[in-house]
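Hello,

Here is the structure we talked about handing over. Please look through it first, then read the notes below it.

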Amino acid sequence: MTKKYRSCSAARAEIRGSGTYPDIRGTVTFRQMLNGVLVTAKIFGLPYENECGSGIFAFHIHNGTSCTGDAEGPFSDAGTHYNPGETSHPYHAGDLPPLFGNRGYAYMSVLTDRFTVKEIIGRVIIIHSEPDDFKTQPSGNSGDKIACGKICG
Ligand SMILES: [Cu+2]
Ligand SMILES: [Zn+2]
């Protein structure tokens with residue numbers, strides 16, 4: 001029987017850019033698998049400035065529950081990385097591989113067993129302006145929060 005997973009088998013987030021990055025949009029889906037959660041991101045409208053049309057953007061699930069902010073930052077309410085185990089970056093449960101832009105489009109799919117779909121529903125997922133260096137504390141020197149989506153079940 002598959003019934004026991006039914007209520008939390010999948011979730012999704014609709015991604016929208018900040019006022020400075022209005023072209024960013026896309027979706028992130030979360031599917032509960034036997035060995036973890038399959039996270040799949042399809043993002044359009046990412047910025048690129050170099051002639052190769054590339055860019056690398058840090059990508060994390062954050063603790064916050066709302067894609068809102070203040071004068072300091074448009075998504076500052078997203079807070080810190082989702083980290084129920086109180087580990088350090090890049091071992092936070094919410095840490096994900098960065099997005100690789102291809103003239104503004106990024107596709108990324110990864111399996112992670114650091115969280116279940118159930119526990120991330122209601123939190124937010126953030127795209128940053130810079131690559132994640134997977135070293136600097138507490139957030140990998142990832143730059144500004146340029147896009148955000150609330151994870152809905
Ligand atoms: Cu982040
Ligand atoms: Zn982190």
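Which residues touch the most other members of the largest nonpolar core? They are Ile 43, Ile 120 and Ile 127, in a core of 34 residues. A nonpolar core here is a set of buried Ala, Val, Leu, Ile, Met, Phe, Trp, Tyr and Cys residues joined through C-beta atoms within 7 Å. Buried means that 20 or more other C-beta atoms lie within 10 Å of the residue's own, exposed means 12 or fewer, and partly exposed is in between, with C-beta atoms placed from the backbone.

The model is predicted: local features need pLDDT of at least 70, side-chain atom pairs count only at pLDDT 80 or more, and totals for chains, interfaces and linings use all residues. Residues are numbered from 1 along each chain as its sequence is written, while chains are lettered from A and ligands numbered from 1 in the order in which they are written.

The chain has eight strands and one helix, in the order β-β-β-β-β-β-α-β-β. Helices (H or I, at least four residues) and strands (E, at least two) are DSSP runs, numbered from the N terminus. Of the 153 residues, 39% count as buried.

Back to Ile 43: residues up to four places away aside, it touches Ile 15, Ile 24, Gly 26, Leu 99, Ala 106 and Ile 127. Contact means C-beta atoms, placed from the backbone, within 7 Å.

Asn 141 lies in the loop between E7 and E8. Asn 141 counts as partly exposed because it has 15 C-beta neighbours inside 10 Å.

Regards

How values were computed
Contact = placed C-beta atoms within 7 Å.
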